[in-house]
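Hi everyone, thanks for coming. Let me put a structure up on the screen, and then we can walk through it together.

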Amino acid sequence: MALPKEFHEIAGRVNNWGRWGADDEIGTLNLITDEVVRAAVAEVRTGRRIPLALPLRQGGVQTGLIPGRVDPLHAMVQINQELFGPGTVACSDDVVTMGLQAGTHWDALTHVSHSGKVYNGRPAHTVTAHGGAEFAGIDKARHIVSRGVLLDVARARGVDRLDGGHAVTPEDLDAAEELAGTAVRSGDVVLVRTGQVQVCLAGDKHGYGYPSPGLSIRTPEWFHARDVAAVANDTLTFEIFPPESENLWLPVHALHLVEMGMLQGQNWNLEELSTACGEAGRYAFLLSAMPEPFVGATGTPVAPVAVL
């Protein structure tokens with residue numbers, strides 16, 4: 001089924017192809033300049049560090065809905081082994097098999113395609129079985145350190161967690177920005193809290209994934225207008241699920257990753273951060289969210305840290 005006219009109209013308004021040159025592979029991360037990072041460092045007041053990643057473990061958030069995206073399978077390959085002879089220093093080593101988007105992660109720009117294209121108009125067939133993403137793999141996003149801004153939509157709406165059928169709108173983002181007391185600006189990484197991760201933390205991973213609040217198809221234009229560098233939230237699917245429009249699956253993914261060239265993150269735990277920001281009355285901070293440099297990968301685990 002072809003993508004609807006509404007989708008293509010929004011795509012035309014947010015498209016960044018060629019903005020940073022025909023060979024660009026990092027999209028809106030270009031907006032994180034040295035000046036942006038220096039300003040982000042100035043947001044640190046107390047030095048309090050808040051981790052935003054879920055634990056990587058068997059029995060994580062995956063339900064089997066996406067084939068092959070398995071929770072981490074951890075095994076020991078040596079345990080206290082004296083590699084260099086009796087009486088020498090003994091070593092223990094591990095191995096992990098997992099889906100790179102299984103837990104808290106970034107989606108690379110090549111994670112989705114539409115109409116046969118990925119970001120910057122490159123052909124979707126540049127993602128191959130053996131090489132992965134030949135263009136715009138997650139390894140090209142070499143460093144993500146910037147000012148982070150928490151848009152606590154749940155708190156702004158006066159609830160602890162949004163209902164499963166709630167589509168986060170630009171009006172919701174405006175209200176959360178007003179609550180934050182700071183304007184989202186060019187180069188920021190925006191974290192959108194819905195409270196949905198509470199369902200996961202309570203042990204109901206099926207309920208966590210479905211039904212889920214998430215971003216509306218109307219929100220990419222909000223981020224585009226503010227030149228946001230990347231967006232992450234505390235849900236499994238990032239956008240509302242089931243979708244707003246019947247049979248229009250993952251339109252926000254396509255608009256962010258393909259059209260805008262903007263990374264997005266899922267399964268971020270924003271609960272402690274929400275509490276800390278509420279107590280401090282400050283919703284901006286230094287954010288470190290470095291991708292693991294898997295060459296050619298279409299996503300990567302990340303262990304982000306907010307520094308207040």
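Let me start with a question: does Glu43 count as buried or exposed? Glu43 counts as buried, because its relative accessibility is 11%, and buried means under 20% relative accessible area, exposed over 50%, and partly exposed in between, with a 1.4 Å probe and protein chains only.

A quick word on the source. This is a predicted model, where local features need pLDDT of at least 70 and side-chain atom pairs count only at pLDDT 80 or more, while totals for chains, interfaces and linings use all residues. Residues are numbered from 1 along each chain as its sequence is written, and side-chain values use heavy atoms, leaving out hydrogens and water.

Now the overall picture. The chain has nine helices and 15 strands; these are DSSP runs numbered from the N terminus, with at least four residues of H or I for a helix and at least two of E for a strand. Along its principal axes, the C-alpha trace spans about 70 × 50 × 40 Å. Of the 308 residues, 52% count as buried. If we take contacts with a separation of 6 or more, 77% of them come from residues 24 or more positions apart, where contact means heavy atoms within 4.5 Å.

On to charges. Side chains of opposite charge can pair when their charged atoms come close. Here we count a salt bridge when a side-chain nitrogen of Lys or Arg is within 4 Å of a carboxyl oxygen of Asp or Glu, and the count comes to 18.

Back to Glu43, then. Which residues does it pair with? One partner is Arg147, with the closest N and O atoms 3.3 Å apart. That pair links distant parts of the chain, 104 residues apart: Glu43 sits in the loop between H2 and strand E1, and Arg147 in strand E7. Arg147 is buried, as Glu43 is. Glu43 also forms a salt bridge with Arg185, at 3.9 Å between the closest N and O atoms. Arg185 lies in the loop between helix H4 and strand E9, 142 residues from Glu43. Arg185 is partly exposed, with a relative accessible area of 37%.

For a more local example, look at helix H2, residues 34–41. Arg38 and Glu35 both lie there, three residues apart, about one turn of the helix. Their side chains meet in a salt bridge at 3.5 Å, N to O. Arg38 is exposed, with a relative accessible area of 55%.
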